[in-house]
Amino acid sequence: TSDVTIPENFSFEGMNIMLDTGDISCDASANGNITMKTDTGDIALSGASANDMNLTSDTGEMKLSGLALAGTIAIQEDTGDVNMKNISCQKLTSSGSTGDLIMSNVIATEEFNLERDTGDIEFDGCDAETIYVTTNTGHVTGTLLSEKVFLTETDTGNVDVPKTMTGGRCEITTDTGNISI
């Protein structure tokens, strides 16, 4: 039930932190993998680097900034929002139920694979070679840094995307949400 705080002047081979109700605040890096899980607490990561990162929270929020990953960052969030800023990685996967995913200057050299049930997904100056986005009732909005070939599908939402013929693949599917890139 307690909080965990790790300042930036620490470095580890790997990190594995698991809590029930406490918050995690970490500015430290790891040579290997970082795994953090909390049920009702928040996760705040800033300025850290690692090979792979796996973050899980049920009802808490995540605030991630200034992260450098050699591999994959995997995020699972049920009801809290995920805010990501100034992050580089090879692949980003994120799934959630009702929380929003808000990304600013997040760059993946290979792939984004993003899913939400009712939460929105927002891009602000983000990019990946290939982008897959799926929501049920959430909206998908924002700006990307390079041209994409858009493949969009929505049942009742509106679609507004560039009509480009070159670039990486960007597949966006919603049930009732709008798509505006």
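**Salt bridges, strands and a charged patch**

Asp-127 is buried, with a relative accessible area of 11%; here buried means under 20% relative accessible area, exposed over 50%, and partly exposed in between (1.4 Å probe, protein chains only). The structure is a predicted model, in which local features need pLDDT of at least 70, side-chain atom pairs count only at pLDDT 80 or more, and totals for chains, interfaces and linings use all residues. Residues are numbered from 1 along each chain as its sequence is written, and side-chain values use heavy atoms, with hydrogens and water left out.

A search of the whole structure gives three salt bridges, each being a side-chain nitrogen of Lys or Arg within 4 Å of a carboxyl oxygen of Asp or Glu. Asp-127 takes part in one of them, meeting the side chain of Lys-148 at 2.8 Å, N to O. Because Asp-127 lies in strand β14 and Lys-148 in strand β16 (residues 148-154), the pair ties together parts that are 21 residues apart in sequence. Strands (E, at least two residues) and helices (H or I, at least four) are DSSP runs, numbered from the N terminus. Lys-148 is buried as well, at 2% relative accessible area.

Another salt bridge joins Glu-110 to Lys-91, with the closest N and O atoms 3.9 Å apart. This pair links distant parts of the chain, Glu-110 being in strand β13 and Lys-91 in strand β12, 19 residues apart. Glu-110 is partly exposed at 31%, and Lys-91 is partly exposed at 31%. A further salt bridge brings the side chains of Glu-171 and Arg-169 together at 2.7 Å, N to O. Glu-171 counts as partly exposed at 25% relative accessibility, as does Arg-169 at 40%.

Placed in strand β14 (residues 121-135), Thr-130 is buried at 18% relative accessibility. Beyond residues up to four places away in sequence, Thr-130 touches Glu-110, Glu-111, Phe-112 and Arg-169, where contact means heavy atoms within 4.5 Å.

Thr-56, in strand β9 (residues 53-57), is buried at 16% relative accessibility. Gln-76 is in strand β11 (residues 72-77) and is partly exposed at 41%. Among the residues that Thr-56 touches are Met-36, Ile-43, Met-62 and Gln-76. Gln-76 in turn is in contact with Leu-55, Thr-56, Ser-57, Met-62 and Ser-95, leaving aside neighbours within four places in sequence.

Asn-105, in strand β13 (residues 101-116), has a positive phi of about 55 degrees and is not a glycine either. Asn-86 is partly exposed at 37%, and Asn-105 is partly exposed at 34%.

Finally, Asp-3, Asp-23, Asp-42 and Glu-61 form a negative surface patch. Patches are made of residues with over 30% relative accessible area and no salt bridge, joining like charges within 9 Å and nonpolar side chains (Val, Leu, Ile, Met, Phe, Trp, Tyr) within 5 Å. Asp-23 sits in the loop between β3 (15-19) and β4 (24-26) and is partly exposed at 31% relative accessibility.

Terms used:
Accessible areas come from the Shrake-Rupley method with a 1.4 Å probe; for residues, only the protein chains shown count as cover. Lys and Arg count as positive and Asp and Glu as negative; His and the chain ends are not counted. The place of a charge is taken as NZ of Lys, CZ of Arg, CG of Asp or CD of Glu.
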